[in-house]
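Welcome, and please have your viewer ready. We will take a short walk, selecting a few things along the way.

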Amino acid sequence: MAPELSSFEARRRANVVNNAKLLKDSAEVAAKMRRAAAPPPRSAAPRKRKAPEPAPRTRVMPTRSSARLAGAGSESDGAAVKFEDIPAELKPPQSKRIRQGGDLELSKLQVEGQRWSSTSALASFVQGAQPGVRTFTEEDIKDTSDEKLKDLRKGMNDLKLYEGWVPNDIKITPERVYALTFHPIQDKPIILAGDKKGTLGFFDASQKPPEPMDDDDEEPDIPLPEVGAFEVHRRTISSVKVPVFDPNSVITSSYDSSIRCLDLQTQVSSQLWAPEDDDEDLGITCIDISPEAKDIIIFSTLEGSLGRLDRRSKEKTEIWNLCDNKIGGFSLHPLLPHLVATASLDRTLKVWDLRMIKGKGELRHPSLLGEHQSRLSVSHASWSRGGYLATSSYDDTVKIYDMTDAMKWKPGQDLSNKQMTPTHKIPHNNQTGRWVTILKPQWQINPVDGVEKFAIANMNRFVDIYSSEGTQLGQLDGEGITAVPAVAEFHPTLNWLAGGTGSGKLCLWISVRPIPQWRLRTCVVVPILRNFFDYLEITGDQGSKKPTRQKAKERLALIQPGGAELYSDISASSTIKPVPLAGLWESNATMELAADRARYRLATVPNGRFLAAIQDALIFYHYVLKSGVDPRDIILLGDSAAGNIVMALLKYLEMSHKLPLPGAAMLWSPWVNITDDVPGQYAGYRNLGIDNVTTSVLQAGAQKYIPEGGIMTDIAPFLSPLQYSFKTNIPIFVHTGTAEVFYDEIKRFVRAMSQILGNRVKFHPTEFRLTTYYYPVGYWPLRSRQKSL
């Protein structure tokens, strides 16, 4: 008995039979069609055709007809024979239409008639750059009710094109600029640029420009600027970085698969990294270095990989394959260097966490936190100090992502779609074509004005400036710009901006106002004060003269040191002893309070180094208490270095318990972190170049104040309340200007003190200002206790 067929097998056999029948029927139909299409057989004897007789040629004459009989009017009525009614034989020959040469303007060629009068149909086809056509005008600057935004726009509008030489004369590199940066120095603009052939160019904008020529000179011979150019790579330089913490080093990367470091002091370029195999080609597209991880260099490649180079380690550099396509640009979070944002030809922005490395072998890679896909490839991703991400892509948009909560992210945390969705999309022409370097947004690293902003070139030969909220702040232009300044970047702190073109030319914009909100008077006075303080430091000025009894007989008090029991531990010294001091009483009827201005020993006098000032502060405080003033009615005041003394005295009172605590302390721009390396400490600080206090003055003061044996462990907490915050039972008021060199450290000091349970610290910064209070240490006995603190 044959086995029973399954339903599938039965259906398959039926299909075979049906297909065979269809093939047979098709063959029969095809045979019939071939027989029907075959020509009939020819006869053996072909028949001859009889040629037709030619017809006689006759001339066709027009037929006359009566217009009157046809019902038409007379010639006096204006009627005439219509041109189309005339036989073709009688029409005059038409002239041949000859082609038009040269350029034709459509405005002069428009066809008449209402049907063809519209030109709006062409508007949808207009694409690409329109050189010289502004997309941000004076009306846009004024078109806002936000006064702060209006001031910012006016400040950006104050940036003017460098007047020393026209851009076409400043050829910073021989070929097209691919990478550009400012040296972080704030005394003068120094620009570095890398080009397509591997040349690194230097331009110092502080060099003396040529003298103006007479109008009588027909062809004046204008000297060109001094530009240095060096072939440090063999192929395109993709990145140029000058770390703010190491301004003598210039780190470059190239498509020749190498990373190099140029030492500006020794003028030697050393190779930091290259593939172990000389035949391996791994072009590097971008590098980044974070101040928070000074020895770590992160780099991306044309192959879609990301590498981490540790300059301290001799171990092999680890490279992770992240994408199948080129990573065009990436950046590290300036404050959280474990976070990396990459932009790739695969149309994605991706955020990675270097704290968590997953996988093994070639599959190892950082943890992917989230990604966002654009319609076309993403060119670059740039991370701001405040946590905003800006990207440019070929879908003609600049996108801004709000990631200000990144500090709260856990290692490997998955970011939601909402977190990876851009908060702002800015329409922007990013179609660079073949001869223009790809447009990339670049944030200002640490802006002195406190405004987070980025620059990106405009294909109409401008540079656009945007805020973190996607608001346009400015559009920079100038005479003599003949190409797109495609590679545009801010100075790390100051409002200077440079752009490199496809022919190696440099466009430089500089503002006479370090801070846009400053008045012109402030811009003039601050440099004068800087020079004055430098003069005092050079000449060794000993400070203000002590008051004499002749000038302040009634207000002057000679104060004797207290007993030895007051001085113990840190306040006791074998070399520096307490001495009698002079105090000056002042009255202020308006505020109904009196002050005893403490004339403590300065560091410039003999035995005036550290401990002397604290001893003097303790003598004055003890004197005020002996005068019968309630300690709760006393406020300690001090500014700058005196603010440091106030905090040292307060710490001593909290530790020793020898005297009761005062009611409060008030600090104006206190120097909260005295070290023995001021230049290194403040290198890269955003306000260093604009404050009236210079590093030379600070360094001289620190060297004279620090004990001769250096900063020992027991005295460090009294010199640096920033690094050694402490618990105190009295309220502290701190004021500073956001334009001061101390501002960033004061802000960190306030944060550290505020985080201690029970501390009461009120911080009051004044925007864009330099504090000009110069109080010595003061003790203010109040007639009524201040409840506001």
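Before the first stop, one term: two strands count as paired if DSSP finds at least two bridges between them. Keep in mind, too, that this is a predicted model.

**The whole protein**

Start with everything displayed as a cartoon. The protein has 789 residues, and 45% of them count as buried. You will find 10 helices and 36 strands. With the surface shown, the accessible area comes to about 45200 Å², and carbon and sulfur atoms account for 51% of it.

**A four-stranded sheet**

Next, select β10 through β13. These 4 strands form an open sheet in the order β10-β11-β12-β13, and their pairing is antiparallel. Which strands stand at the edges? They are β10 (284–290) and β13 (318–321); each has a single partner strand, so one side of each lacks a neighbour in the sheet. Turn the view and follow the twist, which averages 20° from one strand to the next.

Zoom in on β12, residues 305–310, which is joined to the antiparallel β13 by 4 bridges. Show the side chains of leucine 306 and, opposite this leucine, tryptophan 320 in β13.

**A nonpolar patch**

For the last stop, select Leu104, Leu106 and Leu109, which make a nonpolar surface patch of about 280 Å². Leucine 104 sits in the loop between α1 (7–37) and α2 (138–142). Is leucine 104 buried, partly exposed or exposed? Its relative accessibility is 47%, so leucine 104 counts as partly exposed.

Key:
Residues are numbered from 1 along each chain as its sequence is written. This is a predicted model: local features need pLDDT of at least 70, side-chain atom pairs count only at pLDDT 80 or more; totals for chains, interfaces and linings use all residues. Side-chain values use heavy atoms; hydrogens and water are left out. Helices (H or I, at least four residues) and strands (E, at least two) are DSSP runs, numbered from the N terminus. Axes are lines fitted to C-alpha atoms, for helices over the stretch in contact, and angles run from 0 to 180 degrees between N-to-C directions. Buried means under 20% relative accessible area, exposed over 50%, partly exposed in between (1.4 Å probe, protein chains only). Accessible areas come from the Shrake-Rupley method with a 1.4 Å probe; for residues, only the protein chains shown count as cover. Patches are made of residues with over 30% relative accessible area and no salt bridge: like charges are joined within 9 Å, nonpolar side chains (Val, Leu, Ile, Met, Phe, Trp, Tyr) within 5 Å. A salt bridge is a side-chain nitrogen of Lys or Arg within 4 Å of a carboxyl oxygen of Asp or Glu.
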